[in-house]
Amino acid sequence: MQNDVIAKTLQALLNLEVPVHADSVFGTLDKAFPDGLDPRMGTRILSGLAKARALDIVLDVISWHEKRKYELVHYHYNAAIDACAKTRTWLKAIELLGVMAQRKLERDAVSFSAAISACGRGCAWTMSLQVFALMTQRSVEPNTVTFSAAISACESVGQWEEALQLLSLMWRSEVTPNTITFSATISACQI
């Protein structure tokens with residue numbers, strides 16, 4: 001039953017007339033969830049929209065939660081930051097990371113990794129490294145995805161020294177690299 005509601009709502013949101021207006025998103029959500037939205041279902045909807053690269057709708061869904069006083073959890077923001085990464089919208093990703101801090105929501109490895117990826121895909125590689133530094137300052141342990149995103153950001157602009165430094169830090173941190181990590185590092189070194 002929940003899967004059907006989520007699938008139908010996602011389809012309805014993605015089929016809204018372009019340009020999509022917040023009122024249309026709000027109306028669609030109010031119709032589908034007149035009694036409110038469980039945080040897990042909200043996460044699934046936001047993740048589906050992020051996968052479809054529908055950033056504007058993702059942001060409207062976040063606004064709908066706020067206006068209706070429905071609970072927003074860090075998973076919702078993680079999905080929104082992931083949508084920013086998929087659409088190369090790095091400034092919005094950084095903004096959402098800041099909103100999470102203001103609202104005292106947990107910023108985990110997924111949050112930071114998605115923001116690092118958004119910066120890298122948006123050709124803001126120095127910002128990627130700043131977010132990586134912030135992550136470690138906040139005692140959030142980087143994982144393989146985090147390192148790979150940071151190294152990929154360096155790769156996109158040929159910053160091979162930074163890529164190698166990150167790979168070295170990865171080994172020292174006892175985080176296991178994967179194919180993406182090695183591929184990005186090698187590509188960064190090809191000048």
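The residues lining the largest pocket divide into 8 nonpolar, 8 polar and 3 charged; here Ala, Val, Leu, Ile, Met, Phe, Trp, Tyr, Cys and Pro count as nonpolar, Asp, Glu, Lys and Arg as charged, and the others, Gly among them, as polar. The model is a predicted one, in which local features need pLDDT of at least 70 and side-chain atom pairs count only at pLDDT 80 or more, whereas totals for chains, interfaces and linings use all residues. Residues are numbered from 1 along each chain as its sequence is written, and side-chain values use heavy atoms, with hydrogens and water left out.

The volume of the largest pocket is about 390 Å³. Of its 19 lining residues, Ser113, Ser117, Arg121, Val145 and Ala149 are the closest to its centre. A pocket is an open set of points on a 1 Å grid over the protein atoms alone, where a 1.4 Å probe fits, with protein on both sides within 12 Å along at least five of seven lines; lining residues have an atom within 4 Å of a point. Grid points are joined across faces, edges and corners, and the volume is the space filled by probe spheres set on the points. At least two lining residues come from each of helix H5 (74-86), helix H7 (109-121) and helix H9 (144-155), and H7 supplies the largest share, 7 residues. Helices are DSSP runs (H or I, at least four residues), numbered from the N terminus.

H5 has 13 residues and spans 18 Å from its first C-alpha to its last, close to the 18 Å expected at 1.5 Å a residue; the expected span is 1.5 Å times one less than the number of residues. Because 10 of its 13 residues are buried, H5 is largely enclosed by the rest of the structure. Buried means under 20% relative accessible area and exposed over 50% (1.4 Å probe, protein chains only). Among the buried residues of H5 are His74, Tyr77, Ile81 and Cys84. Their cover includes helix H3 (39-51), helix H4 (55-67), helix H6 (90-102) and H7. Just after H5, Arg88 adopts a positive phi of about 60°.

In helix H2 (residues 22-32), the buried residues are Val25, Phe26, Thr28 and Leu29. They cover an arc of only 165° around the axis, and therefore lie on the same side of H2; the arc is that of the directions from the helix axis to the C-beta atoms. These buried residues pack against helix H1 (2-14) and H4, with contact meaning heavy atoms within 4.5 Å. The face turned away from the buried side of H2 carries the exposed residues Asp23 and Lys31.
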